[in-house]
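Please work through each task before reading its solution.

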Amino acid sequence: MLIAVVPASPKTGQATIHALLNSTQTTKPISVKGVYRDLSRVPEEFLSNPHFQAVKGDVSDATSLDLTGVDAVLAITPPRYDGSDILACARTASENTRLAIQKSGSVKRLVLLSSIGAEHESGTGEIMTNHIAETILKDAASEVVICRCAYFMENWAMAAQTAKSEQPHLYSCITPADFEVPMVAVKDMGQAFATYLLKPDIPKSPYVVDILGPSSYTSKDVQMAFEEACGKEVELRLVESKDLSQFFGGFPKNVAEAFIEMTNAFLPGGIMANAYAENSSSDETWRGQTELKEAIRELCEGSG
């Protein structure tokens, strides 16, 4: 079985490749093809694995994508922070991925990395890129699994530096401080994607599943996780809605505006505030096992 990860360089793609190469879910031989715009970014642990191959390809260039012989695909909509039109880039990437799947004649299943809130047609900022991807790719293969992921625990990576500084602190846009938001670790997302790429059957197509962590967390929980990881008090500095423009001011204007709208969408009163159904037994929910404090500890250990 040949599985392609398109593109393979994001952390979610790396986590999925790692999960696939170490999977015991199936007795069938598994090979993984990673599609990279820059082959120098291929991790050595993958290059040394005989069941992995890296190929050059770019989702912004349809002629560079070749999925011939591939059985299943994980599609990731790469973020763009350079001031480009993020919606146009998402559309191009999705259309090119769809074309490559259809030209292959072999791809049976597509698993798409999406986001909670991607069902909304407007008002979600950066998450609109996932809505576009879902719309274009929902029938790109005979079997499509749309994985709507919760808030990434690794979004706190920048806070690892400030929490370890001489004046330990972290900034959080999740307000108020006791507002709960489901979060999920990237390694659990990779495990979820691998699971759905390898499942013998899916209930229907497209099959939409929420990818969540073990529970929901607040800004106070994040603060306590950093304090435990750093072994000292860490000040929690909340970024209120009125201050979001300044907080995201380092990004290009269109990216900052997309982040502001997205943030307001999942906070109290936003259209995504109640998007997470706390139902661990649901067939349309997949829960990871990594607790927030474990993910934060790993971020702190890896931050130098």
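**Exercise 1.** Is D139 buried, partly exposed or exposed?

*Solution.* The model is a predicted one. Step one: the relative accessible area of D139 is 48%.

**Exercise 2.** Identify the residue with which R98 forms a salt bridge, and locate both partners.

*Solution.* R98 pairs with D139, and their closest N and O atoms lie 2.7 Å apart. R98 belongs to helix α3 (residues 86-104), whereas D139 sits in the loop between α4 (128-137) and β6 (143-149). The bridge thus links distant parts of the chain, 41 residues apart. R98 is partly exposed, at 22% relative accessibility.

**Exercise 3.** Which residues are linked with E143 in a network of salt bridges?

*Solution.* The network comprises K108, R109 and E143. Consider each contact in turn.

1. Between K108 and E143, the closest N and O atoms are 3.7 Å apart. K108 lies in the loop between α3 and β5 (109-115), and E143 in strand β6, 35 residues apart.
2. Between E143 and R109, the N to O distance is 2.7 Å. Since E143 is in strand β6 and R109 in strand β5, this pair ties together parts 34 residues apart in sequence.
3. As to accessibility, K108 is partly exposed at 45%, while E143 is buried at 13%. R109 is buried as well.

**Exercise 4.** How many salt bridges does the structure hold?

*Solution.* The structure holds 12 salt bridges, including that of R98 with D139.

Conventions:
Residues are numbered from 1 along each chain as its sequence is written. This is a predicted model: local features need pLDDT of at least 70, side-chain atom pairs count only at pLDDT 80 or more; totals for chains, interfaces and linings use all residues. Side-chain values use heavy atoms; hydrogens and water are left out. A salt bridge is a side-chain nitrogen of Lys or Arg within 4 Å of a carboxyl oxygen of Asp or Glu. Helices (H or I, at least four residues) and strands (E, at least two) are DSSP runs, numbered from the N terminus. Buried means under 20% relative accessible area, exposed over 50%, partly exposed in between (1.4 Å probe, protein chains only).
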